[in-house]
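Let us walk through this structure together, from the overall fold down to single side chains. Keep the viewer open as you read.

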Amino acid sequence: MSAFRVILFSRHALRCSRSLSRHYAGLSAANTRFCRERAQPTQLFVQQQAPARLYSKDNETPWTDVKYDELKALIKSGHVQLVDVREPEEIASTGLLPGAINIPLNRLHIDLKMPEDEFKEKYGVAKPGKDNLLLHCLGGIRSRGALAIAHSLGFEKARHYIGGYAEWVAKQQG
């Protein structure tokens, strides 16, 4: 089971802090030393704690990270559901990986909770299973965030392509 730490930041606290990392450990809903008044929270940051075994023994790469060669093999096998978490405007200008569907990052937590029939109607493919979801974006940053969302929704074997669409295109052309 995943554990979550929720930290609430008020607009005043973010404005007053010189470095978010300097205040990160001290901020909490109960600790208001950075705020003169109690303001309504404006942002919610959720940090998922890492699983106990994050790295494999062979190559010291997190088991959740998929590299280019492994991605090619997974696509060829057909045992993976690729989800691109970029915005539709980005996809329109660049394209998708073969067999991928687009679920923007801001909709991922909603769409992964959909019933299977609604998901199939909306995206034209079966809803990803708990063990075949592979997320990607342009460079691997947003897909890491999407991975935390997927894990929190019970997709515990979900993985992400660390190179992203940019690496895929570069290696396909090179």
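How many helices and strands are there in the protein chain? The chain holds eight helices and seven strands, where helices (H or I, at least four residues) and strands (E, at least two) are DSSP runs numbered from the N terminus. Before going further, please note that this is a predicted model, in which local features need pLDDT of at least 70, side-chain atom pairs count only at pLDDT 80 or more, and totals for chains, interfaces and linings use all residues. Residues are numbered from 1 along each chain as its sequence is written, and side-chain values use heavy atoms, with hydrogens and water left out.

Now for the chain as a whole. Of its 174 residues, 34% are buried; buried means under 20% relative accessible area, exposed means over 50%, and partly exposed is in between (1.4 Å probe, protein chains only). The chain exposes about 10,900 Å², and carbon and sulfur atoms supply 52% of that area. These areas come from the Shrake-Rupley method with a 1.4 Å probe; for residues, only the protein chains shown count as cover. Taking contacts between residues at least 6 apart in sequence, 58% join residues at least 24 apart, with contact meaning heavy atoms within 4.5 Å.

Let us turn to the rings. A pair of aromatic rings is described by the distance of the centres and the angle of the planes. Here, rings of Phe, Tyr and Trp (its six-membered ring) pair if their centres lie within 6.5 Å; planes under 30 degrees apart count as stacked, over 60 as edge-to-face and the rest as tilted. The count by this rule is two aromatic pairs. In one of them, Tyr68 and Trp168 are tilted, at 5.5 Å centre to centre and with 55 degrees between the planes. This pair links distant parts of the chain, since Tyr68 belongs to helix 3 (residues 68–77) and Trp168 to helix 8 (residues 164–173), 100 residues apart. Tyr68 is buried, with a relative accessible area of 9%, and Trp168 is buried at 10%.

Phe119 and Tyr123 also form a tilted pair, with 4.8 Å centre to centre and 45 degrees between the planes. About one helical turn separates Phe119 and Tyr123, because they are four residues apart in helix 6 (residues 116–123). Both Phe119 and Tyr123 are buried.

Rings also meet charges in this model. A charge sits over a ring if NZ of Lys or CZ of Arg is within 6 Å of the ring centre and within 35 degrees of the ring normal. Arg86 lies over the face of Tyr165, 4.7 Å from the ring centre, while the charged end of Lys130 sits over the ring of Phe155, 4.4 Å from its centre.

Arg86 brings us to another residue worth a look. Which backbone oxygens lie by polar atoms of the side chain of Asn102? The backbone oxygen of Asp84 is 3.0 Å from a polar atom of that side chain, and the backbone oxygen of Arg86 is 2.8 Å from one. Asn102 lies in strand 5 (residues 101–102) and is buried, with a relative accessible area of 18%. Leaving aside neighbours within four places in sequence, Asn102 is in contact with residues including Val85, Pro88, Ile91, Leu96 and Tyr123.

Finally, the salt bridges, each a side-chain nitrogen of Lys or Arg within 4 Å of a carboxyl oxygen of Asp or Glu. There are six by this rule. One of them joins Arg144 and Asp65, whose closest N and O atoms are 2.9 Å apart. Arg144 lies in helix 7 (residues 141–152) and Asp65 in strand 3 (residues 65–66), so the pair ties together parts that are 79 residues apart in sequence. Arg144 is partly exposed, at 39% relative accessible area, whereas Asp65 is buried, at 9%.

Arg159 forms a salt bridge with Glu70, with the closest N and O atoms 2.8 Å apart. This pair links Arg159 in strand 7 (residues 159–161) to Glu70 in helix 3, 89 residues apart. For Arg142 and Glu90, the closest N and O atoms of the salt bridge are 2.7 Å apart. Arg142 is in helix 7 and Glu90 in helix 4 (residues 88–94), 52 residues apart. Arg142 is partly exposed at 28% relative accessibility, and Glu90 is partly exposed at 23%. Elsewhere, salt bridges that share partners join Arg107, Asp111 and Lys122 into one network.

Notes: Polar contact = N/O pair within 3.5 Å; in protein donor to acceptor, adjacent residues only side chain to side chain.
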